[in-house]
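Here is a friendly walk through one structure, written for someone who likes cut-offs stated plainly. Take a look at the model first, and then we can go through its parts together.

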Amino acid sequence: MATVMQKIKDIEDEMARTQKNKATAHHLGLLKAKLAKLRRELLEPSTKGGGGAGGQGFDVTKSGDARVGLVGFPSVGKSTLLNKLTGTFSEFSVNYYIKAPMVPPHYLKCLQKRRFPKVASYEFTTLTCIPGVIVYRGAKIQLLDLPGIIEGAKDGKGRGRQVISTARTCNCILIVLDAIKPITHKRLIEKELEGFGIRLNKEPPNLTFRKKDKGGINFTSTVANTHLDLDTVKAICSEYRIHNADITLRYDASADDLIDVIEGSRIYMPCIYVVNKIDQITLEELEILDKLPHYCPVSAHLEWNLDGLLEKVWEYLDLTRIYTKPKGMNPDYEDPVILSSKKRTVEDFCERIHKDMLKQFKYALEHELEDEDVVQIIKKGFCGVSGDLLVHNGVVCYNLEKF
Ligand SMILES: Nc1nc2c(ncn2[C@@H]2O[C@H](COP(=O)(O)OP(=O)(O)OP(=O)(O)O)[C@@H](O)[C@H]2O)c(=O)[nH]1
Ligand SMILES: [K+]
Ligand SMILES: [Mg+2]
């Protein structure tokens with residue numbers, strides 16, 4: 001019997017042979033669905049087809065407000081970059097904690113155990129996942145240096161699957177590229193991540209897919225669509241043994257988008273292409289790189305543009321800083337509470353600082369907080385305090401005192 005790997009290869013070959021046109025669209029859709037199913041099979045730890053590390057990532061405790069993973073081919077400079085970022089920005093980095101008066105004990109513990117990844121000219125210098133932490137604009141950002149991956153990583157080559165499984169747990173991925181290596185490397189790494197269900201710099205498909213008991217496949221679209229027709233949609237659904245469903249597109253979705261929705265478990269993640277070793281290229285080449293979307297050229301070794309990179313990471317993480325203001329004191333601008341921009345209601349804020357606090361609020365929980373808002377928490381007694389919302393010069397106060 002053909003292995004899963006062989007089946008995947010056969011389908012990929014057939015897709016490459018098949019000309020793309022209206023007549024073959026539904027057949028290609030079917031092949032894509034088959035491929036997605038086989039890839040999932042490969043990733044499930046229980047199946048025999050994949051071998052290797054299954055869907056398990058490295059065992060590194062998540063810490064801080066956000067996690068950023070460095071992914072790339074061997075020897076592109078991932079470890080150099082991590083060392084420089086956590087070393088150069090010492091006022092933001094681990095040293096900060098040692099000087100800071102209120103070092104959370106678990107951070108101290110992880111600092112004492114801290115290792116710096118080894119840098120060397122040979123490939124596969126880093127064989128495990130090495131975490132580092134920086135503090136940037138008050139946010140604790142965990143950086144993960146990951147072993148180099150090679151083509152075929154998602155299918156079990158090298159430590160690739162472990163690397164990509166770990167990448168799935170990140171809030172942002174840095175694909176590190178070598179400025180003097182072929183540009184095709186970018187596409188190869190993207191393919192490896194995509195094969196593992198990671199979608200880069202992409203919003204979740206804006207389409208609804210609702211299974212039902214009867215009525216067949218009902219396909220509607222609110223916009224003109226160029227990729228999907230009823231035949232293709234039916235072919236994809238039949239591959240998943242779905243015979244009754246309502247599908248509504250609100251944009252020009254592709255067969256892959258529909259498959260992503262049916263498969264579920266896709267992760268939509270911001271990604272920055274960090275082109276390293278720009279000390280090796282000409283100014284003209286650098287100017288071209290600088291204009292490409294999502295690119296950030298750096299030289300880790302010479303520490304060029306590392307501040308630019310951090311700024312971009314900050315932008316892509318899209319975090320919201322909320323300062324707290326103890327009663328009768330100035331807001332604490334040193335140690336903000338960090339929220340994701342997608343989860344930043346007062347309720348989310350309370351949940352972050354204390355689960356119990358949530359019970360004490362009755363009002364204002366739905367209010368969305370803005371970056372650099374100040375929140376004053378005034379607690380009184382233990383009983384059901386409720387809140388009055390005051391917004392004053394961009395300062396948000398929850399005045400609970402009068403209750
Ligand atoms: N010229 C130049 N060389 C660099 C730069 N950054 C890293 N290097 C060199 O590239 C080589 C590989 O660096 P590493 O940091 O070990 O690369 P890596 O991606 O962690 O490699 P693996 O762990 O093996 O996957 C080393 O010889 C570094 O000195 C840079 O900005 N410019
Ligand atoms: K190396
Ligand atoms: Mg390394």
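## Starting from A139

Which residues does A139 touch, not counting residues up to four places away in sequence? They are D65, A66, L319 and I338, where two residues are in contact if their C-beta atoms, placed from the backbone, lie within 7 Å. A139 is found in strand β3 (residues 139–145); helices (H or I, at least four residues) and strands (E, at least two) are DSSP runs, numbered from the N terminus. A139 counts as partly exposed because it has 19 C-beta neighbours inside 10 Å. On this scale a residue is buried if 20 or more other C-beta atoms lie within 10 Å of its own, exposed if 12 or fewer, and partly exposed in between, with C-beta atoms placed from the backbone. A139 also lies 7.9 Å from D335, C-alpha to C-alpha, although the two are 196 residues apart in sequence.

## The model and its overall make-up

This is a predicted model, in which local features need pLDDT of at least 70 and side-chain atom pairs count only at pLDDT 80 or more, while totals for chains, interfaces and linings use all residues. Residues are numbered from 1 along each chain as its sequence is written, and chains are lettered from A and ligands numbered from 1 in the order in which they are written.

The secondary structure of the chain comes to 13 helices and 16 strands. Of its 403 residues, 35% count as buried. If we take contacts between residues at least 6 apart in sequence, 64% of them join residues at least 24 apart.

## The nonpolar cores

A nonpolar core here is a set of buried Ala, Val, Leu, Ile, Met, Phe, Trp, Tyr and Cys residues joined through C-beta atoms within 7 Å. The largest has 61 residues, and L70, V71, L143, I175, V176 and V274 touch the most other members. Strand β4 (residues 172–178) gives the most to this core, with six residues. The core draws at least three residues from each of domain 2 (66–201 + 267–316) and domain 3 (319–399), with bounds that come from an automatic or database domain assignment. A second, separate core of 19 residues includes C237, A245, I247 and I259.

In the loop between α6 and β4 sits C170, which counts as buried because it has 25 C-beta neighbours inside 10 Å. Beyond residues up to four places away in sequence, C170 touches R67, V68, G69, L144 and M269. The C-alpha atoms of C170 and L70 are separated by 9.7 Å, and the two residues are 100 apart along the chain.

## Around ligand 1

How many residues surround ligand 1? There are 25, and the closest are G77, S79, T126, G148 and H301; a residue is near a molecule if its C-beta atom, placed from the backbone, lies within 6 Å of it. Helix α3 (residues 78–88) gives the most to this shell, with three residues.

By class, the shell has eight nonpolar, 13 polar and four charged residues. Ala, Val, Leu, Ile, Met, Phe, Trp, Tyr, Cys and Pro count as nonpolar, Asp, Glu, Lys and Arg as charged, and the others, Gly among them, as polar.

The buried residues of helix α7 (residues 184–194) are I189, E192 and L193. Seen down the axis of α7, they fall within an arc of 95 degrees, so they line one face of the helix; the arc is that of the directions from the helix axis to the C-beta atoms. They pack against β1 (66–72), α6 (160–167), β4 and β5 (198–200). The face of α7 turned away from its buried side carries the exposed residues T184 and R187.

In helix α8 (residues 230–239), the buried residues are T232, V233, K234, A235, I236 and C237. Just after α8, R241 takes a positive phi of about 55 degrees.

## Loops and a strand residue

N201, in the loop between β5 and β6 (207–211), has a positive phi near 45 degrees. N305, in the loop between β11 (295–297) and α11 (306–317), has a positive phi of about 60 degrees although it is not a glycine.

T248 is found in strand β8 (residues 245–249) and touches L207, T208 and T220, not counting residues up to four places away in sequence.
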